[in-house]
Amino acid sequence: MTASPTMNNDHVEVDIGFTNPLHPPSPAALHKPPSHTPRTFPAADANVTGQHKSPSSPTLASKPLPTELGRRRLSRSKTLPRMPHGAMHRTHLSLDGLAMGPDKVERLRRWILSLVTVNFDLELGPKITSVYPPLKLSLSEAQNIAFSSFPDSSHFEEGSQTHSFRIRLRDCAEGEVWANDAPRPSSTDGFIYGFSCFTRTKDASSKRGYQQTSTVVLTQLPFPSLFYTIISKLGPSFMSHGGPMLEAACHNIASWPDPIPGTNVELGFLGSVIHAEIPLAVDTQQSMSALPPGRIGESDIQILVSVCPSVPPILSYIEALLPHLWSVWECVVLSEPLLIFGPSPTATSIAVWWLRDLLRPIPLSGDFRPFFTIHDAEHTALVNPRHPKAGLLLGVTNPFFERVCQHWPHVLSLGRPPISRGKSEMNEIVIGPKPGWKSTHRRYTSRDRALLKLAEQACRGSEYAKRQASEALRQHFCSRTAALLVPLQRYLQSLIPTPSESRSNLTTPDRMKPFSDTAFFASLKAHGSPLPFKSSAKQREFYERWLRTPAFGLWIARQEEVVQGVLKGMM
């Protein structure tokens, strides 16, 4: 495990962190029982090992992205803890006892807020057992993290899976605080992101015959591809070697360079080097083709941090939706609310992050939740008899949501198309909406039939074919989002005052002219749109709707900020 790869003589190894053994843990607990009854799902998940049964209720029975490396290279071997020989037996699955200096904790928190372990209690359900570095959380935030880190659908038996969640930070009321002496989480958008690796293993000492544990990375950065990579390595290593792996992870992350927007960084982590591109802004669309060519090592990992993870490929979950993807994309850019139903948190997480990415560079105007449970503090705010909020992307697995969200205009159910069943399968109970697309939306644009055929063929092909088709779908819909903005950007040019106009306008010399719907539609009629609309009437109707979305308001405000900055610089 600690063997170092052969290095050229002109490269210098850089030690980016190792660990000392942990002290014995002293777990903290949450005391709030779950209040739901899990349901059963028949479908297996592509990112799950083992069979199926529910974990989260105490009532249940049992193409590479290249980067040229410099002369100083990160040492993969020195990103791992020095473990004693034969240390594969289970050790303390806790972070209690870990201590880092204040400076190192501050450096760690440039990238993550904390590492968290969550165990299952037969009476209380999921509960947080350790957090490092400590965080001051409200009791509702702590409960939300605990339940969101566990699957709430009853299809998981034994093995492991990864998923993610997003929860809103709220002010802590006096007496409602967990870990009172710790600092509050910091966030630029008011949310924290959790990336969880849930593991269920057989354990003869447990009353239920198995142990259930989630390892969670809490972060303020919406970088799904990066943190899926991190938790996919960290979770299994922690379950095999215990606390030292979490400690090593903390030291590794604390040694990373600053997450500066628009940069490429090398991040050493548990025996690998991650080459990561950070976007200029949260709404910047990242492109694989934009990266320079170069060489990487065999154990190196290359990622665009803000995109949906490429493994498992999104095509594995959207086969039943393929003919409807163009309608789904239109709903996303028109700020329509979508309920994303899946057989597992892994499926819903991947799908929600994928859809959120397709919106770029249009600003995010609504909320999105990769995995949402009935224990979320905002459950009644987001799921109620009223019309769902504009732009909401809600990923769920509990069939409870199918009943209470019947009034939602768009339901996207992940999976493969239904097939005819033989007599031996007639007794199988299927709970939840069947895979497909249920919507009141009528499509404005034409499909790309060649791409649709390619994706359908890839569904019957290899994993490589699925990854290639998934990337082709992403590039296609990202290009459509960019094409949507072309008529608006063209019209926007006519609103920017010339230098002489700015000098003559003494009251607001650095402001754009007001946006006029009439003038815009005259420009649209004259020049058209790159999008393949079914008719000119459909084209006008689509843009009339888009100008009424909150996304347009955010977009035009940001364009005004950019123009204002340029005009001020010219004066």
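This is a predicted model: local features need pLDDT of at least 70, side-chain atom pairs count only at pLDDT 80 or more; totals for chains, interfaces and linings use all residues.
Arg369 has Leu394 as its bridge partner in strand E15.

**Around strand E15**

Strand E15 covers residues 393–396. Strand E14 (residues 368–369) runs parallel to E15, joined by 2 bridges. Strand E13 (residues 338–341) also runs parallel to E15, and 4 bridges join them. Here Leu339 is the residue whose bridge partner in E15 is Leu394. Which way do the residues of E15 point? Leu393 and Gly395 point one way, Leu394 and Val396 the other. All four are buried.

| Strand | Partner strand | Bridges | Direction |
|---|---|---|---|
| E13 (residues 338–341) | E15 | 4 bridges | parallel |
| E14 (residues 368–369) | E15 | 2 bridges | parallel |
| E8 (residues 191–202) | E9 (residues 210–219) | 10 bridges | antiparallel |

Strands of a sheet pair through backbone hydrogen bonds, either parallel or antiparallel.

**Two crossing helices**

Helix H10 spans residues 463–493, and helix H13 spans residues 536–546. How do they meet? Their axes come within 12 Å and cross at roughly 85°. H10 and H13 are therefore roughly perpendicular to each other. From H10, the contact uses Ala483, Leu484, Leu485, Pro487 and Leu488. From H13, Phe542, Tyr543 and Trp546 take part. By class, this contact has 8 nonpolar residues, no polar and no charged ones.

**The nonpolar cores**

In soluble globular proteins, nonpolar side chains tend to be buried together. In this model, the largest nonpolar core holds 104 residues. Which of them touch the most other members? Trp111 and Leu484 do. H10 gives the most to this core, with 10 residues. Another core, of 19 residues, lies apart from the largest one. Among its members are Ala146, Phe165, Ile192 and Val216.

How values were computed: Residues are numbered from 1 along each chain as its sequence is written. Side-chain values use heavy atoms; hydrogens and water are left out. Two strands pair if DSSP finds at least two bridges between them. Axes are lines fitted to C-alpha atoms, for helices over the stretch in contact, and angles run from 0 to 180 degrees between N-to-C directions. Angles under 35 degrees count as roughly parallel, over 145 as roughly antiparallel, 65 to 115 as roughly perpendicular and the rest as oblique. Contact means heavy atoms within 4.5 Å. Ala, Val, Leu, Ile, Met, Phe, Trp, Tyr, Cys and Pro count as nonpolar, Asp, Glu, Lys and Arg as charged, and the others, Gly among them, as polar. A nonpolar core is a set of buried Ala, Val, Leu, Ile, Met, Phe, Trp, Tyr and Cys residues joined through side-chain atoms within 4.5 Å. Buried means under 20% relative accessible area, exposed over 50%, partly exposed in between (1.4 Å probe, protein chains only).
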